[in-house]
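The lead sentences come first, and the points are then grouped by topic.

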There are 2 protein chains.
Amino acid sequence: MMIEIDFNSDDAIYLQLCNQIILGIATSQFREGEQLPSVRTLAETIGINMHTVNKAYSILQQEGFVKIDRRKGAVIAVDIDKLQALEEARQGLEVVLARALCKNISRNEIHNLIDQIYDEYSGI
Amino acid sequence: MMIEIDFNSDDAIYLQLCNQIILGIATSQFREGEQLPSVRTLAETIGINMHTVNKAYSILQQEGFVKIDRRKGAVIAVDIDKLQALEEARQGLEVVLARALCKNISRNEIHNLIDQIYDEYSGI
DNA sequence: CCTCTGTTATATAAATGGTATAACAGGGAG
DNA sequence: CTCCCTGTTATACCATTTATATAACAGAGG
C-alpha cells in the first residue's frame, strides 16, 4: 500500500501515518496478520526519521490496530472492543456534526455522506 | 452558556474553547447575533490567559462562526459556505469512519449514532 | 475623560514534533 | 557462533506550538 505524507499539512507526520494505516486497514489494503514495513525501512522510503514511524506504530498498538513483535515488527491485529469503539466514534461524530449543524447541513446530507464513504471503503 | 475546560485533556485549551462554542451554536445555546463574553472576562471566568481566548475567537472568525467587532467583541455570525462545509464534514467523517470500520462498527450503527446526536443537538 | 472593546508587541516557560546518533537485546539464518 | 534483521532505549538538539504575563495602543461610547 502506498503511504503518502503531506509535509505541508497541519497534521503531524506521525498522525498522518496513523490515519493512512487505519485507512488501509478499513479498505482491506492491509489485512489481518499482514506485516507492516519495519520502522527503519518505512522511515527511509518516506524520507523521515525512524522515531517518527516508531511513534506512529506505538500509537497504533495502543489503540488496538497492530501488535508489535520484536521479530516480525508491526503486524496488523485489530483488537475489537466494541463498546469503546462506539464511544470513540460517538465523540468523533459529535465534533463533526456540531460543525455541520451550524453550517446548515441536514441530517440527510450527513446520512448520504456516511453511505458514500462506507461504499468507498467497502470497495463497492 | 457554561463553558468547561478540561485542563488534563490532550486537546489544547483554545481548541476546547472553539469546540465548546461551536457546540453551543449547534444546540442553540448561542444564537445568531448574540455577543460572546469579551476576551478578558471569559479568560478571567475560566481562569486562563486573555490571549488563549483571543486565539480561539480568531479561529472561530476565520472558520466563519463569529464576527469580531472592535466595539462589541465577538458576535455569533455563522457564514454558510455549503460546499466547503460539506467537504470539511466529509473529511472529518472519513477519519472517524475508517476507525469505526476497522472495529467492526456497522453502517447502521453509525446511522443510529448520527440520529442520536442530531436529536440531542436539535433538543428533541 | 474614563472605560470598555479588540489589537499588537515582547518576553518567557513548558510541551510537542522531528531529527540525529548510538547502543542494546532478542530472534532467525548462514 | 556470527551476522543481520527486528524493536527498544537513551541522549541530545532544534524548531514550533501552547500558554502565560505585561504592557501599550486605538477606536467607540457614556
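Chain A is divided into domain 1 (13-76) and domain 2 (82-122), with bounds that come from an automatic or database domain assignment. The C-alpha centres of domain 1 of chain A and domain 2 of chain A lie 26 Å apart. This is a predicted model, in which local features need pLDDT of at least 70 and side-chain atom pairs count only at pLDDT 80 or more, while totals for chains, interfaces and linings use all residues. Residues are numbered from 1 along each chain as its sequence is written, and chains are lettered from A and ligands numbered from 1 in the order in which they are written.

**Build of chain A**

- Chain A holds five helices and two strands; helices (H or I, at least four residues) and strands (E, at least two) are DSSP runs, numbered from the N terminus.
- Read from the N terminus, the elements of chain A follow the order α-α-α-β-β-α-α.
- Along the principal axes, the C-alpha atoms of chain A fill a box of roughly 50 × 35 × 25 Å.
- Of the 124 residues of chain A, 29% count as buried; a residue is buried if 20 or more other C-beta atoms lie within 10 Å of its own, exposed if 12 or fewer, and partly exposed in between, with C-beta atoms placed from the backbone.
- Two residues are in contact if their C-beta atoms, placed from the backbone, lie within 7 Å. Among contacts in chain A between residues at least 6 apart in sequence, 50% join residues at least 24 apart.

**Relation of the two copies**

**Contact between chains A and B**

- Chain A gives 37 residues to the contact and chain B gives 37 residues.
- On the side of chain A that touches chain B, at least two residues each come from helix H1 (13-26), helix H4 (82-102) and helix H5 (107-122) of chain A.
- H4(A) supplies the largest share of that side, 17 residues.
- The residues of this side of chain A comprise 25 nonpolar, four polar and eight charged. Here Ala, Val, Leu, Ile, Met, Phe, Trp, Tyr, Cys and Pro count as nonpolar, Asp, Glu, Lys and Arg as charged, and the others, Gly among them, as polar.

**Nonpolar core**

- In soluble globular proteins, nonpolar side chains tend to be buried together.
- The largest nonpolar core has 66 residues, and A:Ile22 and B:Ile22 have the most contacts inside it. Such a core is a set of buried Ala, Val, Leu, Ile, Met, Phe, Trp, Tyr and Cys residues joined through C-beta atoms within 7 Å.
- Apart from its neighbours within four places in sequence, B:Ile22 is in contact with A:Ala98, A:Arg99, A:Cys102 and B:Phe65.

- DNA strand C has 19 residues around it, of which A:Ala12, A:Ile13, A:Asn49, B:Ser38 and B:Gly73 come nearest; a residue is near a molecule or strand if its C-beta atom, placed from the backbone, lies within 6 Å of it.
- Two or more residues of the surface near DNA strand C come from each of H1 and helix H3 (50-62) of chain A, and helix H2 (39-46) and strand E2 (73-76) of chain B.
- This surface near DNA strand C divides into eight nonpolar, seven polar and four charged residues.
- DNA strand D is surrounded by 20 residues, the closest being A:Ser38, A:Gly73, B:Ala12, B:Ile13 and B:Asn49.
- The surface near DNA strand D divides into eight nonpolar, eight polar and four charged residues.

**Loop residues**

- A:Ser28 is found in the loop between H1 and H2 of chain A, and its phi is near 65 degrees, a positive value in a residue other than glycine.
- A:Ser28 counts as exposed because it has 12 C-beta neighbours inside 10 Å.
- A:Gly47 lies in the loop between H2 and H3 of chain A and counts as exposed, with 8 C-beta neighbours inside 10 Å.
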